Amino acid sequence: MAEPVVRIPDAKVALSTASVYPESTATAFEIAARLGYDGVEVMVWNDPVSQDIAALRRLSDYHRVPILAVHAPCLLITQRVWSTDPWVKLQRARAAAEKLGASTVVVHPPFRWQRQYARDFVQGIWRMADETDVRFAVENMYPWRYRDREMLAYAPDWDVTKDDYRHFTIDLSHASTARADAIHMLDRMGDRLGHVHLADGNGSAKDEHLVPGRGSQPCAALLERLALSGFDGHVVIEVNTRRAMSSAEREADLAEALAFTRLHLASAVKVPRR
């Protein structure tokens with residue numbers, strides 16, 4: 001006979017500061033502390049606090065919420081944040097992670113029109129990874145779609161598993177928008193999976209970032225796979241709460257996302273009775 005036991009991986013569950021938008025980076029720390037998240041991932045964007053290492057350290061110390069990851073400013077709206085040079089952005093993200101004690105920098109593949117950056121990107125990420133203990137985890141993206149047209153906006157590819165990176169971030173909302181099989185992508189990433197952005201989606205052309213469990217993505221199955229594999233990276237809740245009608249509704253969504261994640265990370269397995 002075998003008895004079921006619960007195996008819980010070492011993975012920590014963090015809140016992306018992007019999940020509270022349009023509220024502030026500071027609000028994300030408050031909510032993470034109140035709900036019991038293990039830490040935060042700082043999305044570096046137009047909020048001045050997200051760009052200020054000293055301010056971030058004060059928030060982390062005050063709320064006793066560690067900063068587990070830094071998301072480099074890779075979005076269209078952050079083209080001028082921390083320089084217009086994408087390599088300078090990554091250098092500053094690495095420096096911020098090192099000073100704040102974060103283990104991971106999340107980075108998107110280049111936009112296709114960033115030709116020189118895209119040409120050197122794979123080798124450049126390896127060079128930067130060799131210079132630090134911080135993981136550079138490159139995130140899967142998606143084709144841009146409008147009606148019946150599709151535009152390949154990222155280079156070398158939106159599917160980062162087609163290139164050789166030391167660490168990957170898997171984002172389930174992006175997989176949904178790409179209409180890609182997230183579990184197959186997870187298999188291709190293998191032991192190079194270093195980071196997870198957990199959110200749901202229904203295959204829309206828009207990047208939905210739904211609360212896990214509210215879409216069609218295999219969020220529960222992926223978390224259970226992580227539990228069985230002993231995943232030791234971070235699982236980051238990165239959801240869109242812009243439609244929340246109040247701060248209380250936003251916080252309820254983030255509490256639901258945390259409960260879902262912790263439930264499915266606790267995977268029951270059978271072990272032989274001794």
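In what order do the strands close into a barrel, and is the pairing parallel or antiparallel? I started with this, keeping in mind that the model is predicted. I found 8 strands closing in the order β2-β3-β4-β5-β6-β9-β10-β11, and the pairing is parallel.

**Entry: β9 and its partners**

I followed β9 to either side. Strand β6, residues 135-139, pairs with β9 in the parallel sense over 3 bridges, and there the bridge partner of Ala137 is His167. Towards β10, I counted 4 bridges between β9 (residues 167-171) and β10 (residues 193-198), and the two strands run parallel. Within this pairing Thr169 has His195 as its bridge partner, while Phe168 stands opposite Leu193.

Is β9 buried or exposed? I noted that 5 of its 5 residues are buried, so β9 is largely enclosed by the rest of the structure. In general, the side chains of a regular strand alternate between the two faces of the sheet.

Helix α6, residues 182-189, lies across β9 and β10 and runs at about 170° to β9. Helix α7, residues 219-229, also packs on the sheet, where it touches β9, β10 and β11 (234-237), and its direction makes about 150° with that of β10.

**Entry: α3 against α4**

How do the axes of α3 and α4 cross? The axes of α3 (residues 86-100) and α4 (residues 115-130) come within 11 Å and cross at roughly 20°; α3 and α4 are therefore roughly parallel to each other. I noted the crossing as right-handed. On the α3 side the contact is made by Pro86, Trp87, Leu90, Gln91 and Arg94, and on the α4 side by Tyr117, Asp120, Phe121, Gly124, Ile125 and Met128. Sorted by class, the contact holds 7 nonpolar, 2 polar and 2 charged residues.

**Entry: backbone exceptions**

Most residues other than glycine have a negative phi, and most peptide bonds are trans. With that in mind I listed some departures.

- The peptide bond from Tyr21 to Pro22 is cis, with omega near 15°, and Pro22 sits in the loop between β2 (12-16) and α1 (25-35).
- Ala155 and Pro156 are joined by a cis peptide bond with omega of about 5°, and Pro156 belongs to the loop between β8 (149-151) and β9.
- Ser83, which is not a glycine, has a positive phi of about 100°; I placed Ser83 in the loop between β4 (67-71) and α3, and at 27% relative accessibility it counts as partly exposed.
- Arg179, not a glycine either, has a positive phi of about 60°; Arg179 is found in the loop between α5 (172-178) and α6, and is exposed with a relative accessible area of 55%.

Methods:
Residues are numbered from 1 along each chain as its sequence is written. This is a predicted model: local features need pLDDT of at least 70, side-chain atom pairs count only at pLDDT 80 or more; totals for chains, interfaces and linings use all residues. Side-chain values use heavy atoms; hydrogens and water are left out. Two strands pair if DSSP finds at least two bridges between them. Contact means heavy atoms within 4.5 Å. Axes are lines fitted to C-alpha atoms, for helices over the stretch in contact, and angles run from 0 to 180 degrees between N-to-C directions. Angles under 35 degrees count as roughly parallel, over 145 as roughly antiparallel, 65 to 115 as roughly perpendicular and the rest as oblique. A crossing is left-handed if the near helix is turned anticlockwise from the far one by less than a right angle, and right-handed if clockwise. Ala, Val, Leu, Ile, Met, Phe, Trp, Tyr, Cys and Pro count as nonpolar, Asp, Glu, Lys and Arg as charged, and the others, Gly among them, as polar. Buried means under 20% relative accessible area, exposed over 50%, partly exposed in between (1.4 Å probe, protein chains only).
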